[in-house]
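Trainee: Please take a close look at the aromatic pairs in this model. I would like one connected account, with geometry and surroundings.

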Amino acid sequence: MAMLAVSKRVKQTKPSYIRNILKVTQQADMLSLAGGLPDAELFPLDILKQAADELAQQPSIFQYGATEGLTALRQWLLEENGAAEEVLITTGSQQALDLIARSYLNPGDKVLCEAPSYLGALQVFDLAEAKIHTVIAEADGPNLAQLEQQLANYKIKLFYTVPDFQNPSGHCWSLSKRKAVASLLAKYKVALIEDAPYRQLRYQGEPLPTVSELSSYAAFHLGSFSKIATPGMRVGYVRAKQALLAALIKVKQASDLHTAQPMQLMLLATVRHPSFAEHLDKLTNTYRTRRDYLAELLQQQLSDELEFNVPQGGMFIWARLPHHNAMSLAEAALKQKVAIVPGDEFWPSNHTPDYQAIRLNFTGLTEPQLEQAVSRLKKALQQCSPIK
């Protein structure tokens, strides 16, 4: 029997390495430094239990709801951010990305991303059949000369970025770069997609204004509760001017009608709970300790093999490999029962990576597990031939 032909856009979208190795990482003896997983042991279970109990008192919450999301949750988000904008609740901030791409991109439209960039965004832009351009991600933000050159020479429609503790590099943009990027985008009339899933996971330094706040042209600000509450709820949001959100609402109506109402209400009860701030403190303190611990282990045991900066926040240490191929190392690491993500995954499929690197997650494992993972990674490095 002839098979149904898959669409071109699906064919040209590469599968997620991370989602694919999730199957492997679920093996009992495997230690994973691969996924951007929060630690399930730190989920605010007492608060969640109380929130779940409250759901039973409100049968109407199990009914269909408004596409825009639960009014009370939207109001809470707008008050929290003091924003003169509107907000749309999405099924995780990943859906917000998909809605923006489907609302605003035609095949062949140009999107600009930092290199390296978040893998899930690259997949979304591939599916939208966009052409992806890149700008070098420096420690304090994108290379401005290169950014202006891209904006001036190509008709870029959207610029996608994660300014706070970028995935995968962990970089946090400086205030001066935030201002410079906002004014360049306004000058060339390019819309901003600012993805901020790690913004509340800051371990040192002062919070900086979002690029969206500084922006005078079209901007979408994407937020997530996956890293601070739980990822399984799949509740995220996108903030933008009402005129920009109208198209997204139309696409969301066709996609999934609305995000699950019981989850929205549970999430609202969770973030409003008097102990949620305490939960957030405990979370950031634990993650800070794990970041420092992993950085110290790498420094002590693998300083000849890896080059990295300690990020001010987020979930990842991004380590360059001066002597090894990242893909080969990732394969050797799996044999040693430790999972890592090769840096190649964070460049668009039609670009060659600028250098070899690996991304290591420090939030999902305890300190004894991190120690074990690093000793396994060390063995993998010893068994992996250096690049000539």
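**Aromatic rings and their surroundings**

Mentor: One aromatic cluster is made up of Trp318, Phe346, Trp347 and Tyr355. Keep in mind that this is a predicted model. Tyr355 also has a charged neighbour: the charged end of Arg320 sits over the Tyr355 ring, 3.5 Å from the ring centre. For a charge to count as sitting over a ring, CZ of Arg has to be within 6 Å of the ring centre.

Now the count. The structure holds 10 aromatic pairs. A pair of aromatic rings is described by two quantities, the distance of the centres and the angle of the planes.

Take Phe125 and Tyr160. Their ring centres are 5.9 Å apart and their planes stand at 70°, so this pair is edge-to-face. The cut-off for that label is over 60 degrees. Phe125 belongs to helix H6, and Tyr160 belongs to strand S6, residues 156–161. The two parts are 35 residues apart in sequence, so the pair ties them together. Are these two residues buried or exposed? Both Phe125 and Tyr160 are buried.

Next, Phe159 and Trp173. This aromatic pair is stacked, with 6.5 Å centre to centre and 25° between the planes. Stacked requires planes under 30 degrees apart. Phe159 is in strand S6, while Trp173 is in the loop between S6 and helix H8 (175–188). The pair links distant parts of the chain, 14 residues apart. Phe159 has a relative accessible area of 0%, so Phe159 is buried. Trp173 is buried as well, because its relative accessible area is 1%. The limit for buried is under 20%.

Go back to helix H6, which spans residues 119–127 and includes Leu127. Leu127 has a relative accessible area of 36%, so this residue is partly exposed.

Thr210 is placed in the loop between strand S7 (191–195) and helix H9 (211–214). Thr210 counts as buried because its relative accessible area is 3%. Which residues does Thr210 touch, leaving out those up to four places away in sequence? They are Arg178, Glu194, Arg199 and His221.

Methods:
Residues numbered from 1 in each chain as written. Predicted model: local features only at pLDDT ≥ 70, side-chain atom pairs only at ≥ 80, totals over all residues. Heavy atoms only, no water. Helix = DSSP H or I, 4+ residues; strand = E, 2+ residues; numbered from the N terminus. Buried < 20%, exposed > 50% of the residue type's maximum accessible area, 1.4 Å probe, protein only. Contact = heavy atoms within 4.5 Å. Phe/Tyr/Trp six-rings, centres within 6.5 Å; stacked < 30°, edge-to-face > 60°. Lys NZ or Arg CZ within 6 Å of the ring centre and 35° of its normal.
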